[in-house]
Structures are given as structure tokens and as C-alpha cells.
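Work through the exercises below with the model open beside you. Try each task before you read its solution.

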Amino acid sequence: MAAPRPVPGLDPEEPFGSAAARVVTVRADELWTMAERVRRTGDPEAIHDMRVASRRLRASLEVFATCFPGQPRKAVLKDVKGLADALGARRDPDVLLEALAPLRESFGRQDQPGVTALTTALEAERDAGSSVVEAALAEADRTDLHGRIEELVRSVKG
Amino acid sequence: MKAKKVKGLKPSMPLGAAAERIVQTRLAEIEQLAPAALADAEPGDTHDLRIAVKRLRYVLDATSPVLGPYAENARKHLRRLQDVLGEVQDCDVLVARAETRQAELHAHDIAAMIAHPKDPAAARHRTAYRGLAMVSAHFAARRAFAVRRFRRAWHALEREEFAAKLRAASRGGAGAA
């Protein structure tokens, strides 16, 4: 995953609220750029990158919590978290499968059925995770998460 | 683990002052959680510390341009700490997953042997038990190595006076890189 996109011109003397609007805007842009890649390719790396972007957005909504109106921020935060969880449902089995892969070489023949028993279960979870991501992206569209984040940024206090 | 609330934040206050308060609070959380994670490295303790480290890192992602130069170094140190704690966490998950899978297959086999008491071959998952026990042992051992690396990384941060330097950097400007 690339480093977070810089937020140009942040100044220690600028109001916390104005920084909040700018940081959340950049983090949301990152998320939607990654979402486009996920929709287009469904590639595991794109899933990973979008998950990281969703966590960064979530973190900035928490760091700058006091700058946004409570209820809309909580609703957006809940939905961003839901998106991150859905991406985790797809990504986490991949991480575990990657860790198990070397055991195909290093474990003996008698131990392979055990490795297979675990990898088969994880592969099934990974496949189910793709549908979870699709559903979460559709839900984000249906509830206009993109628009609600923009609205949240416009309503920043201070 | 719920994040500690940062007191006294206001939208109208300068970003630098707000960032200082947030960094100090998140850093204090890490300092509070680290002793337990270092002592026994129980899964809950290492997990809580990993989350706290991640929270501080995300704060620095958003605010390091307005902090002192050491904030950028701190971000990299936290990333390394988060990576090794992430490896501990992955091992915990894999040990648990292997044990759960073994218990599930064992239960299936018991049910099959009850249904076919004269046919030991009904326990068709029996060949997987040994490998699953090996997976569990393998990741328990890897966890021990990861915990060792975590302790080394933490002690290196202490020697570097990471916390004092980051506190100084959070006050803006101070804190050499």
C-alpha cells in the first residue's frame, strides 16, 4: 500500500476544523479511487489498498470527531467501518492463506491433509468474502456514502 | 479496546495545539498498555497494544506535517512495531483456526463413528488431525519468535527515547529527527 496521500499546505496555526475538512476530503478521495479499482479488477491488492484507505478515512473521522456534527458523523463512521469490515472478510483469508502456503513445501506428506483441511475452509471464506465486498459497495452506493461524506465536510464546525 | 477520549479539543483551536493533545493522549495509551504486552505477551494484551500503536500512527499520518521533524521518524518506528505485532496477531489467529478446525473434524468423525460403529474408516477426517496439530505448533513457535522481535523493537525505542522525542515533536518544532 502506498503512503497516505499528502494533504497540501497544512499549517499548525490553521483552525482544527478547517484541517479536518481538508484531511477528510483527501482520505475520502483515496477511498473512492481505490473503490474504483476494486470494482474494475477485484484484484486482491486493490482490496488490500481499499481496506487501508477505509481505515485511514475512519481514523481521520475519529481524530477530527469534534469538528463534525455528531449524528451525521456517527452514521458515516459506522458505514465506513462496515465497508472496512467487508473488505476484511475478503482480505483476511488471503493473509492467512499466504502464511500457510510455505507449509506445502516444509511439512511432510503425512501432514498435508491437515494443511488442506484448513486452506479449503479459508478458500471458501475468501470466495464468500467477494460477495460481501460487492454487497457493501452496492450498499455504499444505495445510501450515497460518497455524497454524505461531502455533506459532512461542508458542515464542518469552526 | 475503545480509544481514550481526548479532552479539550475544539474546532476553532489551532491544528498544532489539537495535534499535540491527541498525540500525547495516544502515546500515553501505548505506554499504559506496553508493560502487560511485554511481560507475558498474552494475545489480548498484544492485540490491544497493536490497536493503540495503529491509532497513534494514523494520528501522525494526519498531523505529522505540523509536528516537529521527529514525528516522521516516529511514524516509521510505529509502522515497524505494528508490523511485528501484526505477525503475532496472525499467528494467534492461525493457532486458533487450526485448533477449531481440528475440533470440528473430530466432532464429525465422532458422529460418523456413532452412525457406523463397526467401521473405523468412517472417521474420514482422521488423516488431517496430525497436520492440523503441526500447523498449530508451527504458528505457536513462530509467535514466540515474533514476540521476541517485538520486545527487541520496543527496547530499541526505549533506548532511542522515542516517547520523549515524540512528546517534544508534538509541541511543534522541537524533537530532532
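**Exercise 1.** Does B:H77 count as buried or exposed?

Solution. B:H77 counts as buried, at 15% relative accessibility. Buried means under 20% relative accessible area, exposed over 50%, and partly exposed in between (1.4 Å probe, protein chains only).

Before going on, note that this is a predicted model: local features need pLDDT of at least 70, side-chain atom pairs count only at pLDDT 80 or more, and totals for chains, interfaces and linings use all residues. Side-chain values use heavy atoms, without hydrogens and water; residues are numbered from 1 along each chain as its sequence is written, with chains lettered from A and ligands numbered from 1 in the order in which they are written.

**Exercise 2.** Describe the setting of B:T63.

Solution. 
- Step 1: Helix α2 (residues 43-63) of chain B holds B:T63.
- Step 2: B:T63 is buried, with a relative accessible area of 0%.
- Step 3: Its side chain reaches the backbone oxygen of B:V59 at 2.8 Å.

**Exercise 3.** Characterise the interface of chain A and chain B.

Solution. 
- Step 1: 37 residues of chain A are in contact with 34 residues of chain B.
- Step 2: The two chains bury about 3,000 Å² between them, 69% of it on carbon and sulfur atoms. Buried area is the accessible area (1.4 Å probe) lost by two parts on being put together, summed over both.
- Step 3: Two salt bridges cross the interface. A salt bridge is a side-chain nitrogen of Lys or Arg within 4 Å of a carboxyl oxygen of Asp or Glu.
- Step 4: A:E125 and B:R97 meet in a salt bridge through their side chains (2.4 Å, N to O).
- Step 5: On the side of chain A that touches chain B, α5(A) gives the largest share, eight residues.

Note on methods
Contact means heavy atoms within 4.5 Å. Helices (H or I, at least four residues) and strands (E, at least two) are DSSP runs, numbered from the N terminus. A polar contact is a pair of N or O atoms within 3.5 Å; within protein, one must be able to donate a hydrogen and the other to accept it, and residues adjacent in sequence count only if both atoms are side-chain atoms.
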